[in-house]
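Here is a protein chain to get to know, one piece at a time. Have the sequence and the 3D view open side by side as you read.

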Amino acid sequence: MRVLFAVFASTLAFSACAFEKIALVDSFDFTGACGFDIETPSGTEKVLDHVLLTGADTVYWRNTSGALPRYPSAEESPLARESPLDLRRIPLNEPDRGWVRWDFPKTNLLMHAAAAARLRGKGFGIHIPLEENHGESWTYGAWNLEHPQFWCCRKGGFPCAGTASKTHSEVQDHKLRLVDEILFDGVKAIFVDTLRAGNWTVQSEGASAEEVRAAMTAYIRGIRERIDASGKDIRLILAIPRFSFSGAGDFTLESRGIDWRRLAAEGTVDGLAVMSVLPRGGRDIFEETRALYHEFM
């Protein structure tokens, strides 16, 4: 998103260190009228430098458009997902963005962004959203299209080719192989964004809430296991959107099936990030926000 939003990152082991300022970077939004050639190393660095004008200490770089990786991926075949060669997709018919391809350049631009951030003395992480589509077919993953037996459902029970249910072990394995591809040198954090989900909710899975919660817990634990197996010092940060006062519901648990309190307590995640809060009406917004963050801590 062109308007960067700040993320309140809370490490589970508190210290007196300075407040970390993190920017979530979607380089796709810097093409076209913004004037950056985001398919090149030099254009990628220009995006980074522009973002750093905000005073950020760390950048978390978006890794996908829906389910399409923004780097050469072995798990997602680039030829199989190319529009309009794949007639199951409608191309993104925009003058500039519709022609962007990250999978064919010789340089892995995620890796280049990480190296550029390191040269500037900044931290670098990968921003993983839960979504596998924006509701537009050009973002559908090739793997999902080839495995209709795992498709999720839209409201009313209609199958959705854009998402595959994590209640199946085959889908879990596929998603975790994609995680393996982004655990390269220079990555210091994996940020799992539970706000962006492409209209997906627990109800989309076509399974009981208990089954979905078990699957989502297994997915987050699987990311932790992949990080640990890499031998790299990488933080796992879990996003908490729409945080509210106790008794007002738990969006992350109810809509995303992720028991974040449990995952934090058992040490699966290294940190939590509040992406947004839900204040009560009729109250001073500053005091209400302060109270919500106090409740979260």
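## Helix α5 and what covers it

In helix α5, the buried residues are Val 212, Ala 215, Met 216, Thr 217, Tyr 219, Ile 220, Gly 222, Ile 223, Arg 224 and Ile 227. Here "buried" means under 20% relative accessible area, "exposed" means over 50%, and "partly exposed" is in between (1.4 Å probe, protein chains only). This is a predicted model, where local features need pLDDT of at least 70 and side-chain atom pairs count only at pLDDT 80 or more, while totals for chains, interfaces and linings use all residues. Residues are numbered from 1 along each chain as its sequence is written, and side-chain values use heavy atoms, with hydrogens and water left out.

What covers the buried residues of α5? The cover includes β6 (123-129), α4 (169-180), β9 (189-193), β10 (235-240), α6 and α7 (260-265). The helix itself takes in residues 209-230, and its 22 residues should span 32 Å at 1.5 Å a residue, which agrees with the 32 Å between its end C-alpha atoms.

## Helix α4

Now look at α4, which has 12 residues and reaches 16 Å from its first C-alpha to its last, close to the 16 Å expected at 1.5 Å a residue. Its buried residues are Val 171, Gln 172, His 174, Lys 175, Leu 176, Leu 178 and Val 179. They pack against β5 (68-69), α3 (142-145), β8 (159-164) and α5.

## The chain as a whole

Stepping back, the chain has 8 helices and 11 strands. These are DSSP runs numbered from the N terminus: helices are H or I with at least four residues, strands are E with at least two. Of the 297 residues in the chain, 51% are buried. The accessible surface comes to about 14,000 Å², and 55% of that belongs to carbon and sulfur atoms; these areas come from the Shrake-Rupley method with a 1.4 Å probe, and for residues only the protein chains shown count as cover.

Take the contacts (heavy atoms within 4.5 Å) between residues at least 6 apart in sequence: 73% of them join residues at least 24 apart. Val 274 is in strand β11 (residues 271-274) and is buried, at a relative accessible area of 2%.

## A closer look at Thr 252

Thr 252 belongs to helix α6 (residues 251-256). Is it buried or exposed? With a relative accessible area of 0%, Thr 252 is buried. Leaving aside neighbours within four places in sequence, Thr 252 touches Thr 194, Ala 239, Ile 240, Pro 241, Gly 257, Ile 258 and Trp 260.

## Rings and charges

How many aromatic pairs does the structure hold? There are 8, counting rings of Phe, Tyr and Trp (its six-membered ring) with centres within 6.5 Å; planes under 30 degrees apart are stacked, over 60 edge-to-face, and the rest tilted. The rings of Phe 30 and Phe 36 have centres 6.0 Å apart and planes at 65 degrees, so they are edge-to-face. Both Phe 30 and Phe 36 are buried. Elsewhere, ring pairs link Phe 243, Trp 260 and Phe 296 into a cluster.

Some charges sit over rings too, meaning that NZ of Lys or CZ of Arg is within 6 Å of the ring centre and within 35 degrees of the ring normal. The charged end of Lys 166 is over the ring of Trp 200, 5.8 Å from its centre. Arg 280 lies over the face of Phe 245, at 4.0 Å from the ring centre.

A search of the whole structure turns up 0 disulfides (pairs of cysteine sulfur atoms within 2.5 Å). For Cys 152, the nearest cysteine sulfur is that of Cys 160, 6.9 Å away. Cys 152 is buried, at 1% relative accessible area. For Cys 153, the nearest is the sulfur of Cys 152, 7.1 Å away, and Cys 153 is partly exposed at 28%.

Asn 199, with a phi of about 70 degrees, is in the loop between β9 and α5 and is exposed at 64% relative accessibility. Arg 242, with a phi near 55 degrees, is in the loop between β10 and α6 and is partly exposed at 38%.

Technical notes: Expected span 1.5 Å × (residues − 1).
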